[in-house]
Amino acid sequence: MTSIKAEPFAFPMKRDALALIVIDMQRDFSEPGGFGASLGNDVGRITKIVPDVKRLIQGFRDADLPIIHTMECHRPDMSDLPPAKRNRGNPSLRIGDEGPMGRILIAGEPGTAILSELAPVDGEVVIEKPGKGAFYATELGDVLKQRGIQQLVFAGVTTEVCVQTTMREANDRGYECLLCEEATESYFPEFKSVAIAMIRAQGAIVGWTAHIDDILEAINA
Ligand code: TIU
């Protein structure tokens with residue numbers, strides 16, 4: 001067993017049970033006119049991590065390890081969008097409304113797509129998720145069980161919302177979770193650093209955190 005240099009201590013990697021999960025690297029969170037921007041956020045922060053997310057994905061492809069992509073989105077009829085979610089944010093442009101990239105966070109719309117630089121390739125799993133956590137109302141748990149995956153390396157956005165929620169869901173379900181620090185971002189720099197601190201506090205209460213080069217070195221060793 002190779003370990004990955006990580007905080008608060010080395011991550012005990014099981015290479016044949018490891019997958020990368022890339023959370024919500026969609027145009028809606030990183031381009032002007034999308035959902036993230038409609039909430040008043042500076043989406044340029046998200047664009048900056050794209051090269052590192054790409055490098056991490058390429059590393060997993062080179063190592064022949066599984067990759068799962070998630071997309072936050074809702075059905076066109078919005079039957080999976082509760083008012084408690086739709087009514088948040090800027091009421092002038094809400095989920096389901098027509099924006100410059102199509103209907104905000106609706107499956108199949110141009111703005112909902114994963115960034116072209118990070119697009120899934122054949123054989124990679126794509127999970128469409130209506131919530132913040134990727135296990136809620138999706139097939140993710142079954143996919144992981146079928147493939148014998150027990151450990152997840154996390155990338156994507158935003159650190160304290162969909163990434164952290166999914167890490168907590170995964171941790172409760174018995175998965176060992178490792179967050180790649182360079183491949184995640186928040187609209188709020190302080191939320192990213194505090195989320196990272198929370199995740200690895202108390203002896204990795206939610207999971208580990210690691211730097212991209214240490215992850216890539218370990219999986220390609
Ligand atoms: N608003 C925000 O920070 N995040 C989300 O709404 N979704 C995800 O994190 N994917």
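The questions and answers below concern a predicted model.

Me: What is the geometry of the aromatic pair formed by Phe9 and Trp208?
Reply: The ring centres of Phe9 and Trp208 are 5.5 Å apart, and the angle between the planes is 80°. Planes over 60 degrees apart count as edge-to-face. The pair of Phe9 and Trp208 is therefore edge-to-face.

Me: How many residues apart in sequence are the parts that the pair of Phe9 and Trp208 ties together?
Reply: Phe9 lies in the loop between β1 and β2, whereas Trp208 belongs to strand β10. The pair therefore ties together parts whose separation in sequence is 199 residues.

Me: Is Phe9 buried, partly exposed or exposed?
Reply: The relative accessible area of Phe9 is 42%. Buried requires under 20% and exposed over 50%. Phe9 falls in between, so its class is partly exposed.

Me: Which strands does the pair of Phe11 and Trp208 tie together?
Reply: The rings of Phe11 and Trp208 are also paired, with centres 4.9 Å apart and planes at 85°. Both Phe11 and Trp208 are buried. Their parts are 197 residues apart in sequence, and the strands are β2 for Phe11 and β10 for Trp208.

Me: Which element gives the largest share of the lining of the largest pocket?
Reply: The largest pocket holds about 340 Å³ of space, and 20 residues line it. Elements giving two or more residues to this lining are α2, α5 and α7. The largest share, three residues, comes from α7.

Definitions and conventions:
Residues are numbered from 1 along each chain as its sequence is written. This is a predicted model: local features need pLDDT of at least 70, side-chain atom pairs count only at pLDDT 80 or more; totals for chains, interfaces and linings use all residues. Side-chain values use heavy atoms; hydrogens and water are left out. Rings of Phe, Tyr and Trp (its six-membered ring) pair if their centres lie within 6.5 Å; planes under 30 degrees apart count as stacked, over 60 as edge-to-face and the rest as tilted. Helices (H or I, at least four residues) and strands (E, at least two) are DSSP runs, numbered from the N terminus. Buried means under 20% relative accessible area, exposed over 50%, partly exposed in between (1.4 Å probe, protein chains only). On a 1 Å grid over the protein atoms alone, a cavity is a set of points where a 1.4 Å probe fits but cannot get out, and a pocket is an open set with protein on both sides within 12 Å along at least five of seven lines; lining residues have an atom within 4 Å of a point. Grid points are joined across faces, edges and corners, and a volume is the space filled by probe spheres set on the points.
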